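Trainee: I would like to be guided through this structure. May we begin with how its charges are counted?

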Amino acid sequence: MEDTAKLYEDLERVLVRREEITAAVKELGKRITADYQGKEPVVVGILKGAVVFYSDLIRELDLPMYTDFMSVSSYGAGTESTGELRIRMDLTNGIKGRDVIIVEDIVDTGLTLFNLKKHLAGRGATSIKIATLLDKPARRRVELEADYSCFTIPDAFVVGYGLDYNEKYRNLPDIGVLSPRIYQK
Ligand code: PRP
């Protein structure tokens with residue numbers, strides 16, 4: 001048997017319950033809707049972690065908007081450098097003269113978004129803002145602040161609501177702290 005209840009046994013604890021997530025996403029949708037009145041932003045989801053958050057968030061945006069997606073990672077980051085951006089999958093359309101909202105599941109060291117923001121700015125976007133579900137400031141290695149953030153969390157290994165461990169747990173409706181026994185195996 002490998003049902004969702006079984007997956008919850010791999011968690012140390014639930015950190016953010018689905019009801020709290022729903023309320024926070026609704027609230028964020030209202031804020032973004034108010035801030036982008038008269039605009040038609042391009043909302044860029046960063047695969048794969050952000051897909052669940054993204055699909056809930058865009059349905060709370062009472063605005064005309066464009067969807068697009070990217071898959072990126074930061075690599076080669078030594079202690080002193082910020083590394084480089086590796087683009088696994090690029091946007092479908094150009095963003096020159098567009099207002100861009102990057103949607104992420106988590107800002108951890110900040111390297112991915114630091115490099116991505118710089119990169120997208122080079123493509124001539126009018127504005128670039130970051131909306132993240134989770135913010136883990138304790139791990140930050142570069143100066144990077146999300147413009148919109150739903151939850152600030154402690155330095156723990158979290159899964160669920162899009163976040164994974166080896167591609168598993170993304171379908172959990174809640175966000176939980178994974179038991180160390182799972183990744184120490
Ligand atoms: C996660 C997350 C961010 C990045 C944040 O992606 O979605 O893109 O790491 O980390 P950073 O702030 O330290 O750069 P991950 O590489 O785990 O891929 P996934 O979204 O496909 O799970």
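Mentor: For the charges, Lys and Arg count as positive and Asp and Glu as negative, while His and the chain ends are not counted. Please keep in mind that this is a predicted model.

Trainee: How far apart are the mean positions of the positive and negative charges of the protein chain?

Mentor: The protein chain carries 26 positive and 29 negative charges.

Trainee: Which pattern do the helices and strands of the protein chain follow along the sequence?

Mentor: The protein chain has 5 helices and 9 strands. Read in sequence order, these elements give the pattern α-β-α-β-α-β-β-β-α-β-β-β-β-α.

Trainee: What radius of gyration does the protein chain have, and what would a compact globule have?

Mentor: The C-alpha atoms fill a box of roughly 50 × 40 × 25 Å along the principal axes. A compact globule of 185 residues would have a radius of gyration near 16 Å, which agrees with the value for the protein chain, 17 Å.

Trainee: Within what arc do the buried residues of helix H3 fall?

Mentor: Helix H3 spans residues 51-58, and its buried residues are Phe 53, Tyr 54 and Leu 57. Seen down the axis of H3, they line one face of the helix, because they fall within an arc of 100°.

Trainee: Which elements do the buried residues of H3 pack against?

Mentor: One partner is a helix, H2 (18-35). The buried residues of H3 also pack against strands E2 (42-47), E3 (66-75), E5 (99-107), E6 (127-135) and E7 (148-152).

Note on methods:
Residues are numbered from 1 along each chain as its sequence is written. This is a predicted model: local features need pLDDT of at least 70, side-chain atom pairs count only at pLDDT 80 or more; totals for chains, interfaces and linings use all residues. Side-chain values use heavy atoms; hydrogens and water are left out. Buried means under 20% relative accessible area, exposed over 50%, partly exposed in between (1.4 Å probe, protein chains only). Helices (H or I, at least four residues) and strands (E, at least two) are DSSP runs, numbered from the N terminus. The arc is that of the directions from the helix axis to the C-beta atoms. Contact means heavy atoms within 4.5 Å. The radius of gyration is taken over C-alpha atoms; the globule rule is 2.2 Å times the number of residues to the power 0.38. The place of a charge is taken as NZ of Lys, CZ of Arg, CG of Asp or CD of Glu.
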